[in-house]
Amino acid sequence: SKVINVTQGSDVTLPCSLSTKENIELKLFDWRKDGQQVFLYDAGIHSNNGRAGQDQQFKGRVSHFPDKLKHGDASIKIRNTKVNDSGDYTCDFPRLQPRQIFHIQLVVGPKVINVNQDSDVTLPCSLSSKENITDKLFDWKKDGQKDVFMYDAGDHYNNGRAGQDQQFKGRVSHFPDKLKLGDASIKIRNTRVVDSGDYTCEFPRLQPRQIFHIRLVVGSKVIKVNQGSDVTLPCSLSTKADIEFKLFDWKKDGQKEVFLYDGGDHSNNGRAGQDQQFKGRVSHFPDELELGNASIKIINTKVTDSGNYTCAFPRLQPSQIFHIQLVVVGAAAKLSVTILDETNNRALLQCKVQGASPKPKVEWQDRAGNILPAGEPQVSERGGSYDIILQTTVTKTDLYRCVATQEEIYHQTDAETYVYIRGFPTGWIAFGVLLVVVGVVLAVLYKKGYIKLCKQG
């Protein structure tokens, strides 16, 4: 069956046409979804002008194309699609000979909202009828379980109603002035990565019951710096609560211990466990602990410091965790090539790489891109930057290229030099060959007695 993918809230046309293009104005066709009646047309009488039987889910949302019936087109349009519209649809012509039936799979995905951590986000939810919901009930949940926000005729989580999940306390609000327009949207403040998930906004008492789906993706805050610079990774409680006697733990990529603070005891005053990569390079801000600030500073950053960092308060209720992505941009390799020694039949080439970070892969190539054998590279490292010298000897005229590749930062650079191998001059080569030939002829003649050596005296 044909598969059609749409996003919730959009309109979709489900195609169904006879290949004969015959007029179906006086025919019958029947659209169904998983057994439910979606739309029935029978010689001008249909679900939108009095024909009974249409499932409540589709009432007022499905229409056909009257002007296209004479061309055999029984397609329908579903407006304001919902996730529960997903399913297998059939378009059936039961009275045709032979009977014809078409299959379509509709997939309605939730609306996706992307935000960065710490920003505020509005999750939309509005009835298409715009009816007043001031005295109605609507219920927001996350991942089918967590209670995000419930409103019931004026009673809600922000004015005494119990049941809200601890994760959302004090961070979620609705829009009272918009309720009369059917708007049940909510706002989540100071979003966190753990807020990511699938949200539902449900009107359980409406007939028919209505439910809206939204997928929220909260991305880590991204900080980008150049290698060698210092960087502050921010982490602060929105409550500004004093954390001098609390515990917070910074980790990189979920494993490496960056900095641990526990009631005054920390990685810089004797606390064990800090990863060797960060020793002597990470500090916190003691004077700002009383304001809930657990930020840290990393000095002299390296490309290897790039990664995903977390700042966790595991003992808080609820526990809190903040996410930051650090990108440390390295220095691109700088290349120069030199012909160190040159003779008639060979040349010694040198490639010099300076100030590269991360460490590049260096190789010599000929014009065709073939990698040439080379000596052992001479490597020196200073503060995370690399200088490399690589030499090779060539014996033929060609264009030669030194290539430095830094895969971690997706960078490649090269430098070229043209080498002309002169070899021996052709005149001397011819003269040498002639001498050899003459010598051989004289030797043969002498052996056969045609030539005799004369002795003096």
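1. Strand 4 (residues 36-42) and strand 5 run antiparallel and are joined by two bridges. Opposite D42 stands I45 in strand 5. Here, two strands pair if DSSP finds at least two bridges between them; strands are DSSP runs (E, at least two residues), numbered from the N terminus. A word on the source: this is a predicted model, where local features need pLDDT of at least 70, side-chain atom pairs count only at pLDDT 80 or more, and totals for chains, interfaces and linings use all residues. Residues are numbered from 1 along each chain as its sequence is written, and side-chain values use heavy atoms, with hydrogens and water left out.

2. Both strands belong to an open sheet of six strands, with the order 1-9-8-3-4-5 and mixed pairing. Strand 1 (2-7) and strand 5 (45-46) stand at the edges with a single partner strand each, so one side of each has no neighbour in the sheet.

3. Next, have a look at strand 13 (residues 146-152). Strand 12 (residues 137-142) runs antiparallel to strand 13, with six bridges joining them; one of the pairs is L137 with D152. These two strands form a hairpin with three residues between them, and D143 in the turn has a positive phi of about 55°.

4. On to strand 14 (residues 155-156), which is antiparallel to strand 13 and joined to it by two bridges. Y151 has H156 as its bridge partner in strand 14. Two residues lie between the strands of this hairpin, where A153 takes a positive phi near 50°.

5. Another backbone feature worth a glance is N190, which has a positive phi of about 50° although it is not a glycine. N190 sits in the loop between strand 16 (186-188) and strand 17 (197-203). As background, most residues other than glycine have a negative phi, and most peptide bonds are trans.

6. Where are the cis peptide bonds from Q97 to P98 and from S357 to P358? P98 lies in the loop between strand 8 (87-93) and strand 9 (100-109), and its cis bond has omega near -5°. P358 is in the loop between strand 29 (347-356) and strand 30 (361-365); here omega is near 5°.

Technical notes: Helix = DSSP H or I, 4+ residues; strand = E, 2+ residues; numbered from the N terminus.
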